[in-house]
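Please look over the sequence and structure below before reading on. The text then takes up a pocket and a sheet.

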Amino acid sequence: MPHRRQATTPGQQITRTLGVGQLVAAVSALVFAGAFLLAYEWVALRGALADETRMQAAIVADNVSASLMFGDRQAATEMLASLRQAGHLRTAVLYDRDGKLFARYVVSAHAAGAGSGSAVGTLAVTQAVSYRGQGLGRLELVTSTDRIVTGLLRYAGLLALASLGGLLVVAAVMYRTRARVAAAERELHFQANTDAVTGLPNRRATYRWLEEAIAEHRDGDGQVAVLLVDLDNFKLVNDTAGHAAGDVLLQQVAAALGGVVRPPDLVGRIGGDEFAVIANVADAAGAHAIGERLLAALRTPFALATGEVFATASVGLCLYPQDAPGMTEVLSSADAALYRAKGAGRNRLVAFVPEMTLAAQRRAQLEADLRRAIEQEVLLPYYQPQFDCRTGAMVGVEALLRWPHPERGFVSPAEFIPVAEDTGLIVELGRWVLRRACADVAAWDRQGAPR
Ligand SMILES: Nc1nc2c(ncn2[C@@H]2O[C@H](COP(=O)(O)OP(=O)(O)OP(=O)(O)O)[C@@H](O)[C@H]2O)c(=O)[nH]1
C-alpha cells in the first residue's frame, strides 16, 4: 500500500512507544525493589552484628573486671585477645575508671585507628566494667562490617544477574509479542486500505492520497488531476459471464490502468466498476494526455474464461486547483464530468467545465424531489384507453406516469425516469405504479365499468 509520508502506521508507533515505556517501567521497578531489599538487609544484618558484639562485650567486661581491679594488664590483655575467635572484631580497648588506656588488643592494623562511635565499615560498642555495682572502667569493642558489605555486594550481584536474566526474558517475550501485534496491525492496515478484488488502494486510501496530494499542492506549482474511470455497461459482463468473470475483468482493468501511471501517481478502486486516477500534472494538457492513455489502455480486448471482452470506460476529469478549490469539490466536479461522459454516449473523456455544476445541482435537486414525491405519493397515473379497431370496444388501458411538481409544474418523464433509473428509485417507483394501477382497476370494477 503506497503512502506519502508515514513509514509506519500510527498503531505501530503507539505499540513501539508502549514497549519502550514498559521496559523502562520494568527496569525502574526492579532497581527500586533491589535497592529496597539491599537497604533492608543492611539494616537487619548490622543490627544483628551490633547485638552480637554487645553480648561479647558484656561477657568480656565481666571477665576483665578482676584484672582491672588488681591492675593486671597482662591478664587483661590476654582476656581481650580471647576475642580473636570473633572473626569480625578489629580492636578491643580497656580503659580504667580515669579513662586511661589499660589494655588493648588489635586484630588488624587496618582497624587499629578506629575510635569509639561507628563509621562506615566499622561498628563500635562500649560496655561499662564494674564489680558489685562499682564502676572500674569501660571496654570498647570495634567490629568490622566488611563481611556484611561483602555479603551484600554478592547479594546485589546475584540480584542484578537474576534481574537482568528476567529482563532479558521479558524483553524477548515483549519483542515477540510486539512483532506479532505489528504484523497483525500491518495486516489490518492493509485490509482497511486495499480493495480485496483488485489489490488496488480502496476508496478510503485513494481519498486520503488525494487529500495529501492536494495539501502538497496548496502553495506549489502544477495541478492535481482527478480522473474518475467508470466501466461502460459492466453490469452486462456480470449478467452474461457471471460475477467471477466480472471480478477477473476488474483485475485486468486494474492492471491496465496501473500500467498507465507511475508513482507517485495512483490508481485506486473507489466503487463497483469505478476507478480513480490521481496524478500530478503540469497543466490541463498533461491531464488530458493521461486520460487518453487510460482510454487507450482499455481498447485492447480482455481475456476471460468465457472469451474475449472489450471494456470501454467513461472518464471524468477535474483539476485542483484550476477547476475546484478543495477535495470535496474536485471529486464532485470529476463526477459531474463523468456523468456527462456517460450521457454523451460513453467511451470518452470529458473534462469538467463550471456549467456542469449547475446541471449536477439541478439533477441532485430533482433526485431529492423525486424521492419526496414517491414518499408522499404525489405522482399520478394517467390512463390511456386502448380500443379494438375492428369492434371499437375498449380492451384495456395504458398507465402513464405523470409528476405534478409543486414549483415546476409537470416534470417530463423523459427528465425524471433517467434519474429514477440512475438512482435505483425506478424499482420502488415501478412497484408503486403497479399497486396503484391494480387498486384503480379494482375500483372501476366495483363501479361496474365494462371489462
Ligand atoms: N464482478 C463484480 N461486480 C461488481 C462488483 N462490485 C460491483 N459490481 C457490479 O458492477 C455493476 C456496476 O454497475 P453500473 O456501473 O451501475 O452499471 P454499468 O453496467 O457499468 O453501466 P454504466 O456505468 O452506466 O455504463 C453492478 O452490476 C454491480 O453489481 C465486484 O466487486 N465484482
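On a 1 Å grid over the protein atoms alone, a pocket is an open set of points where a 1.4 Å probe fits, with protein on both sides within 12 Å along at least five of seven lines; lining residues have an atom within 4 Å of a point. Volume is the space filled by probe spheres set on the points, which are joined across faces, edges and corners. The model is predicted, so local features need pLDDT of at least 70 and side-chain atom pairs pLDDT 80 or more, while totals for chains, interfaces and linings use all residues. Residues are numbered from 1 along each chain as its sequence is written, and side-chain values use heavy atoms, without hydrogens and water.

The largest pocket holds about 820 Å³ of space. Its lining has 23 residues, of which D230, Y339, K342, R363 and D422 are the closest to the centre. Helix α9 gives the largest share of this lining, 8 residues. Helices (DSSP H or I, at least four residues) and strands (E, at least two) are numbered from the N terminus.

Three strands form an open antiparallel sheet in the order β12-β13-β14; two strands pair if DSSP finds at least two bridges between them. β12 (380-387) and β14 (409-411) are the edge strands, each pairing on one side only. Between β13 (residues 394-405) and β14 there are 3 bridges, and P404 stands opposite F410 in β14.
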